[in-house]
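Hi everyone, thanks for coming. Let me put the structure up on the screen, and then we'll walk through it together.

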Amino acid sequence: MPLRQERLEKIIESVGELPALPNIVADVLSITEDPTIAVSQISDRVQRDPGLAAKILKISNSPFYGMKQYVGTLKLAIVILGVRELRNIVLGISLFETLQDGRMQHVLVREIWEHSLRVGAWCRRLGAALSLGLQGEDFICGLLHDMGKIVLLRQVGDDYLKLIKRSGGHGQTLCQIETNVLGFDHADAAEALATHWNLPQALSDALWMHHEGPNRTFGAANDPRLAALVWVADAAAREDFSNADQPPGPSCTREEAWLAFGTPKAPSDAAQRRVMLAAFATEIQEMQMLLL
Ligand SMILES: [Fe+2]
Ligand SMILES: [Fe+2]
């Protein structure tokens, strides 16, 4: 058995039973595979989940898409967004909701959701500025990057809360403590779940590489640009850009990530990278508030 698969199976085994892929996601994934599918057939299926349909309209009307006029129907939203974009939005929202299910009314889940939306907004904005040509994978990856934390909270419960408290919440310290105690971190758990759900390799690689660890190099990712984007977005979401005198954060301007974008639009030095990110900070704040 290949090493990577063996490692993932061990993680899945220690995490315990993982939730199944929701029907709506499986349906949307399968019907949107068909290039001849009519928009009305897709909207009929999504419409059967009114909560999801409402969220798609909310996202369609958010500054993410810069619509000139109000998008009032799901059909119009699909025409404007495109099928691939819609597919990714459905995937992101439904998977997050599946993970947080009824029992997860914890304040931590709310915090993860807010942070995840923020990272999704950062991915979207930066991906557009660098013309990476990602159609919705950027937003969904940002939205799902920390889903390993929710998996661990579901399966490990209060003990995982203690780990989070010890580490101060997130970042490399949390990963270190998770690895010491569990043998893997929340980025490994996210990758295991993405593999269990058969999500695209580019997505599971990006989730896995959002923190540092052995073999996690952007060059080895299925889509290095996507993996680098989630890294920078996660780091930017934790930066305070309001203080212009503050030196650039080493994480959000990380050389390896910005080189992985592979575009001359990506500034070549840390100070310029920070200026680029700082210019988006207010916009991201507004986008996140509208989505909450
Ligand atoms: Fe994380
Ligand atoms: Fe994060």
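This is a predicted model: local features need pLDDT of at least 70, side-chain atom pairs count only at pLDDT 80 or more; totals for chains, interfaces and linings use all residues.

Residues are numbered from 1 along each chain as its sequence is written, while chains are lettered from A and ligands numbered from 1 in the order in which they are written.

The domain assignment gives us domain 1 (20–100) and domain 2 (103–291); such bounds come from an automatic or database assignment. Their C-alpha centres lie 23 Å apart. Across the boundary, 17 residues of domain 1 are in contact with 19 residues of domain 2, contact being C-beta atoms, placed from the backbone, within 7 Å.

Which elements give two or more residues to domain 1's side? They are helix 4 (50–60) and helix 6 (83–100), helices being DSSP runs of H or I, at least four residues, numbered from the N terminus. Helix 6 gives the largest share, ten residues.

Now, helix 4 also has a partner in helix 5 (residues 74–81): their axes come within 10 Å and cross at roughly 50°. Axes here are lines fitted to C-alpha atoms over the stretch in contact, with angles from 0 to 180 degrees between N-to-C directions.

And who meets whom? In helix 4, look for Ala-53, Ile-56, Leu-57 and Ser-60; facing them in helix 5 are Leu-74, Ala-77, Ile-80 and Leu-81.

Note on methods:
Two residues are in contact if their C-beta atoms, placed from the backbone, lie within 7 Å.
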